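This report examines selected local features of the structure shown below.

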Amino acid sequence: STLDPEKREEIDAQKAEALIASWKEQLLAEQSKATESGVLCNKVDLSGKTYKPEAATIIANFLTSTDDFNPSVASGVTCAKIDDIIASQNTEDGLSVLQTISDAFRESRLTEVDVSDNAMGTQGVDGCRTVLCGPTAINTLESLSLCNNGLSKDTMEVTAVLLTQE
């Protein structure tokens with residue numbers, strides 16, 4: 001199953017809570033299938049929305065919590081679409097959102113990550129380090145999209161080092 005917020009909008013704390021309520025309903029409906037495969041959710045698509053820092057924290061906490069679902073939702077995720085999630089934010093808030101959302105996938109065995117369209121530069125690459133080279137990402141990552149992020153040659157060299165370190 002896929003968690004997907006659907007349309008372009010700014011997500012604040014209240015909207016994040018509403019999204020999570022909807023996702024819980026969706027996941028509970030899919031839970032019987034998950035017991036057969038062992039995976040509750042394999043894809044999280046947060047793309048095309050602007051997440052405020054407090055909303056990112058709420059979503060990350062939901063994805064990593066074992067209160068409602070054990071194991072956590074994030075534990076089964078293999079595809080994280082976190083492209084275009086910081087539009088119109090100041091640098092500090094944008095970097096905070098990137099890091100918070102990326103860190104939610106710390107225990108995921110990601111094979112596919114899309115962080116395109118975040119205009120993130122070197123600081124942003126460092127902010128989403130967890131999805132690039134987290135504890136399990138190095139061993140599992142097969143596809144990475146970094147399109148339209150304004151990444152310089154130096155930033156791409158830093159990214160290459162992150163992706164190839166062991």
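## Aromatic cluster

In this predicted model, Trp23, Phe62 and Phe69 are linked into a cluster by ring pairs. The structure holds two aromatic pairs. Trp23 and Phe62 form a tilted pair, with 6.2 Å from centre to centre and 35° between the planes. This pair links distant parts of the chain, as Trp23 belongs to helix α1 (residues 13–37) and Phe62 to helix α2, 39 residues apart. Phe62 also pairs with Phe69: the ring centres are 6.4 Å apart and the planes lie at 85°, so this pair is edge-to-face, the cut-off for that class being over 60 degrees.

Phe62 is buried with a relative accessible area of 8%, and Phe69 is buried with a value of 4%.

## Helix α3

Helix α3 covers residues 91–103, a run of 13 residues. At 1.5 Å a residue the helix should span 18 Å, and its end C-alpha atoms are 18 Å apart, which agrees with that expectation. The buried residues of α3 are Gly94, Val97, Leu98, Ile101 and Ser102. Viewed down the helix axis, these buried residues fall within an arc of 120°, so they line one face of α3.

The buried residues of α3 pack against β4 (50–51), α2 (53–64), α4 (121–127) and α5 (129–133). At the N-terminal end, α3 is capped by Asn90, which has a side-chain oxygen 3.2 Å from the backbone nitrogen of Glu92.

Asp83 is located in the loop between β5 (79–81) and α3. Its relative accessibility is 11%, so Asp83 counts as buried, given that the limit is under 20%. With neighbours within four places in sequence left aside, Asp83 is in contact with Ser47, Gly48, Asp114, Val115, Ser116 and Asn118.

## Thr159 in helix α7

Thr159 lies in helix α7, which comprises residues 153–164. Thr159 has a relative accessible area of 1% and is therefore buried. When neighbours within four places in sequence are set aside, the contacts of Thr159 are with Val125 and Leu146.

Thr159 and Arg129 are separated by 30 residues in sequence, while their C-alpha atoms are 8.8 Å apart in space.

Conventions. Residues are numbered from 1 along each chain as its sequence is written. This is a predicted model: local features need pLDDT of at least 70, side-chain atom pairs count only at pLDDT 80 or more; totals for chains, interfaces and linings use all residues. Side-chain values use heavy atoms; hydrogens and water are left out. Helices (H or I, at least four residues) and strands (E, at least two) are DSSP runs, numbered from the N terminus. The expected span of a helix is 1.5 Å times one less than its number of residues. Buried means under 20% relative accessible area, exposed over 50%, partly exposed in between (1.4 Å probe, protein chains only). The arc is that of the directions from the helix axis to the C-beta atoms. Contact means heavy atoms within 4.5 Å. A polar contact is a pair of N or O atoms within 3.5 Å; within protein, one must be able to donate a hydrogen and the other to accept it, and residues adjacent in sequence count only if both atoms are side-chain atoms. Rings of Phe, Tyr and Trp (its six-membered ring) pair if their centres lie within 6.5 Å; planes under 30 degrees apart count as stacked, over 60 as edge-to-face and the rest as tilted.
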